[in-house]
Amino acid sequence: MAHESPFHQRQTPGQLTRREFLWQSGGGLGGLALAAMLGQDQVRAEDGPSPGQLHHPAKARRVVQFFMAGAASHLDLFDYKPELIKRHGQPSDFGEPVEAFQDGLGPWLRPLWDFKPYGQSGKMLSDIVAPLGAVVDDLAFVHNMVGKSGVHSAATLLQTTGFQLPGFPGAGCWAGYGLGSMNDNLPTFVVLPDHRGFASNGVKNWDAAFLPSQHSGTIIRPGAEVPIADLFPHPSGKFITPASEAAAQQLMAGMNRAHAATREGDQRLDARIRSYELAARMQLAAPEALDLKAEPDHVLKLYGLDRGPQAWPKEINPEEEAYHFSSKCLTARRLLERGVRFVQVWSGNDNSFPRRNWDSHEDVQRDHGPLAHGMACGIAAFIKDLKQRGLFDDTLILWTTEFGRMPSSQGGKGRDHNPYVFTNWLGGGGIKGGVTHGESDHWGYKPLERAHPTLVHDIHATLLHQLGLDHTRLTFRHNGVDRRLTDVHGHVIHPLLA
Amino acid sequence: MKSLRQISMATAAWIAVLQGMLPMAGAASPFEDTVRPILEKNCCSCHGPEKQKSGYRLDVKSIALTGGEGHAPNIIPGNAAASPLMKFITGADKDLIMPPKGQPLSPAEIETVRAWIEDGAPWPDSASVPVNDPLDWWSLKPITKPAPPTLPLAAHPIDAFIQAKLAENGLAPSPEADARTLGRRLYFDLTGLPPSPEEIGAFAADSSPEAYARLVDRLLASPRYGERWSRHWLDVVHYGDTHGYDKDKIRPNAWPYRDYVIRALNADKPYARFVQEQIAGDILFPDSPDGIEALGFISAGPWDFIGHAEVPETKTDGKIARHLDRDDMVANAMGTFASQTVHCAQCHHHKFDPIPQEDYYSLQAVFSALDRTERKYYRDGAVHARYQNLLRQQKQDVEALAALDASLRTKAGGALAALESDDKTVSIPAHGYHSAMAATEGDVKWVQVDLGQPVRIGRVSLLPCHDDFNGIGAGFGFPLRFRIEASDDPEFLAGVQLLPQHHGLTFNADFKNPGLTRFDTDGGKEEAGITGRYVRVTAVKLAPRQGDFIFALAELQVFDRAGKNAAQGRPVMALDSIEAPPRWQKTNLTDGLAPADPAALQREREALLLAVADEATKAQRMALVASTASLAAELKSLPAPDSVYAGGIHQGTDAFKGTGASGGQPRPVFLLARGQVTHPGREVRAGALSALTFAPARFPLPPDAPEGARRAALAHWLTDPRNPLVWRSIVNRVWQYHFGHGLVATPGDFGRNGALPSHPALLDWLAAGFRDGGGSLKTLHRQIVTSATYRQAAMGNAAAEKIDSGNTLLWRQNRRKLEAEAVRDAVLAVSGKLDLTMGGPGWQDFVIERPEHSPHYQYGLADPGDPKAWRRSIYRCIVRSQTQPWMTSLDCADPSMRVDQRNESLSPLQALALLNNGFILTQAQHFAERVQQERPDLPGQVSRAHELAFGRPPDATALAPLVDFAKANGLPAMCRVLFNLNEFTFTD
């Protein structure tokens, strides 16, 4: 196999060209930004094609991925199945033996909420996600997604990294690796975890694995005491003052330059000096980017954030979910606007009790109700906001989850895992609005056309395609394999493209 | 022999992917005139020089006639009807029509191909595309022992090899680094710690020619050496102290493996033994604790808790989890020891290297009996040897007893068979009734049965549940205190009669958990008059589960005076119930299903056996039983054993059974089409790589050989002196850590996708010497670091950079960026706070929240001032799902994947981590306090700090600004600056 990809790199720091070095060591701020700062904005011709050069013209410049941890039910939110309403309560019969994760094969269970048509497309949406009705004509639904495993951890990794086992870079890492940064004071890939904690696999869903570590997702916790790790001195460093900080930067720069002056030809020494300058810039830029109070009232109102945090009940409740999720959506918009390329927003944390994620084995209404309400309020506001700012057209939105849930009931009110079919939807970034590509069968149990399901690799291929990247050519050699986000699979879903 | 032939055919098939040349010109045979044009037109775009779908191509004779993956051979000369190729092109198989798109072959074309196959598929060799010999690859060839080039100035053989190459390329070596630079380099390289100012000063002042060699010896003898180099090893084997994935729980006993590696390196254990212990130590060296602890290698990587503990291997998801688990073991073993990427042959033959899919699954078969589990042993070698000896005797007794019973069993006949076939296993799917969870143990819960009519009660029996949840098992949910009552009122408001007989035992005191032994009220006189339609069990002190409390029962039986169970199949009511069928639901309480009491079953079984035995057999049996009992007593008298998390036979229940129940018999391993567990092909035997011919590719073991024999065979295969991969792999790894890059730049991949050796002769010279000299790593280190090549300065040279910018040829030493651990340990060393305590459970710099389910590892909540985290980084508790953020920003190895070579990055987040993390700020203050104690005045303190941090006093131009800064901003702020300077992070 030839390695003509401009992104193909070996891992041996000793043997890098200057260009490769800049690219790999360039910091979270991206190779091109750093190259520019080092006075190398024009890459020398003999170095060949420039990294960051697109494979084809891009339709999207940035991505936001919404991830519903625990597995959100397609049946209760987006994938309308009148047959289930008709057959509600009857013994389920799938016409074939079914393996369910917890053997939850009780009677058919109708959607927990009613569905109504929205928009010109007349797309049927569940009442619980009604706020999305206002933007439904901008969305493209894929109802025939299939997974490979009904185990949360493996399924989550598959959706985030394209592989079922840990040790592979997240989609956002690949985007940053392929395209570099669009800013010089914020990370390229930001993760906004659920405020209660991480989902299955923790940071493995977004870390760079074998890609250079600066491509890892940077965790930002809006509203938390320390929103970005180590952005400012730990409280134990009381001896640091603004004056000492400025003096320290100056002293370090001087001493480091003197050190480098006697060690010519080692670009790492210069790059490290610059990384401290960039860090100082991030210290200024990040708090500004995260300051939601700077938003005008009408925007806060759009997101339902005009009333600020309150004392919430102990039980999971729709108001609190809407507040937290909308805060993350607004933070995401501010970050995207400031040149962050990829933002991943999580709803729900791990599979502990009481449920604070979408893994509704016991009671769909109890968990999905508040979570879906919060998600729908936040995303609807986010899309309207992007549109009013002209950001929607070149921002790709992907809504995804681990897998779906069974059309049969579990314990009367819950649903078991359904890796056999589930829903994704996309919008913006050159995606055709108001369409549905791929249907599930009349139960929502498996794809209608079983031989032609949609795989996460197809979604990933499409995502990279919209960013101007060919998923088969965005590679990195690791342990003897030229690894791709899409493994050896994936086809761009052309019917979804505008 | 059949299997050997299959292997060679499979080997031939992978050739498919290697680029061939264009076909020879000039048609001269019927094949070339008629058949080949058809194949070229219709088939070769997917099965030819460009693409080789399914590893198959129709332009290479050998592959066309033998290959075809699951359908191979696709062409059977002389038998067109049986040839899969005909089936595909005629469309006989609707699911597999070739070509899959575009025009099908015309009837005339099909007839031409058919006639050709019928005719014996004659194919002149000249009409086949020649392909490269896949075995013609440097790493697969035997290791040679080349003589070093004779160079007058190079006394050291390594220098002779290196300098010859330099000269060939018009380069010259750099001069030797100065003593302070060299000393500092050596300290970090061999021990991962900086020298103290006194140590480096003494070395710099020692002008004797032996000074350097003495320092090397001293550092190699230091326990710090094993701590440093074990970290390199643990990177490669992806060691961690938690499982990873979802529910990322701590492995409390993973650390003995880490300590084993440190000890093995410090003791300079011969490499062959080191390898053998990690693959099959329990088999090859059972009496040594090392033989058990080393098996932590097999379990080092991540493990999917839910995929194993919550999904049985009868389900597809469970099969996938176990398949991926073995995949990790195989990739770890072959990547670590042999630098091979066999994991690429999981779905198809390796695309670049001569590794057929069958090799990969043969390696899975080596590990197929194993799971990641706790293994008992004794860290004390003498006790361990005694323990192993007792286990061996016990095994003999058990086998003798089994043989004896086998003869009795036939005599015992039907009754015993009935007893044993009775499906009363512990893990019945219908567990029983389970109350809702309660927050306190004092909550009251009840469950009752409606007998349909008033029944005069003989006795009431409660049968306990079995559920492995939270490791509880037998007696799950059995209440600590309860009462049993009867009434004709379903509400139990009127006419309530207490069954008093054991009330004192179960209500007034805590009732000891009965395990699986049934609880009976025994129907004594006191209860003789009690009658009622409803019988209710009320738990007043619940059973602990996991931070919560419950009441669960497998079965409630109410026997009437005639001894009939009147509750059988009757409706059940409860205050509350978790309805999660089939495991938990109210109706399970009267379904007649409950786990049997194993002790009672055993007693019945013994009685039946002894009834048919003659006197001599009885005596023999009694002697064996007595011997077993005395061995058991002796084993019991041993102190509580230690435990290590390692590869082993798992004795489990419920979903995670392991192979313990089958006595550790290997699971059958099948060749999986496209790597899918739902598509098993033929079963494969245990083996290794067929591309290496020094030993048979499949281990010559009898089919009933115990699983350990497979691992022992792999251990011997790996460490065979004729194995060309293993010896080259390790010397290359060691070289890499000394120079920053290996002689082969891809230490984990010696295949065609990897790099070629820059100095093949040197690599072989090192490998052969290492192998033949007893596999001493310390000798190898000494050899390397005493070379002039190693001792060169690390300074740039514009002219040399033009020729070899990457310094592949080593015209200088490489400046090294310290790894995360070295930075951290160096900070502690210079601050004076480094705690050199060795071994034991890993220190934790996080607070665990919600440990009962999915632990949250909260690094932010840990106190950076807590001295327990001031030990060396090698002893850190390594979490997979939430990697230590500070270490991760410094490119620490990711414990979820094998790291042959660390990434090296520079980012603003790294700068922020070194500037602002609580660890750095706390240590900056300790550093300041230290120098304040050691020197009286500020300039002295600054100078001392500089010397501690960099191994040299500051020159005058550096001292003044540092002192000024310290004056204005305090000494801790100055110390923080030192930690952040480039000179702290890079060693020359």
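The contact between the chains takes 81 residues from chain A and 86 residues from chain B. Two residues are in contact if their C-beta atoms, placed from the backbone, lie within 7 Å. This is a predicted model: local features need pLDDT of at least 70, side-chain atom pairs count only at pLDDT 80 or more, and totals for chains, interfaces and linings use all residues. Residues are numbered from 1 along each chain as its sequence is written, while chains are lettered from A and ligands numbered from 1 in the order in which they are written.

**The side of chain A that touches chain B**

- α5 (152-161), α7 (242-261) and α8 (267-290) of chain A each supply at least two residues to this side.
- Helices here are DSSP runs (H or I, at least four residues), numbered from the N terminus.
- α7(A) gives the most, with 10 residues.
- By class, this side has 34 nonpolar, 35 polar and 12 charged residues.
- Ala, Val, Leu, Ile, Met, Phe, Trp, Tyr, Cys and Pro count as nonpolar, Asp, Glu, Lys and Arg as charged, and the others, Gly among them, as polar.

**Domains of chain A**

- The assignment gives domain 1 (9-53), domain 2 (62-229 + 292-496) and domain 3 (232-290).
- Domain bounds come from an automatic or database domain assignment.
- The centres of domain 2 and domain 3 of chain A, taken over C-alpha atoms, are 38 Å apart.
- In chain A, 11 residues of domain 2 are in contact with 7 residues of domain 3.
- The domain 2 side of that contact in chain A has 6 nonpolar, 2 polar and 3 charged residues.

**Domains of chain B**

- The assignment of chain B includes domain 1 (19-127) and domain 4 (401-422 + 602-637).
- Between the centres of these two domains of chain B, taken over C-alpha atoms, lie 64 Å.
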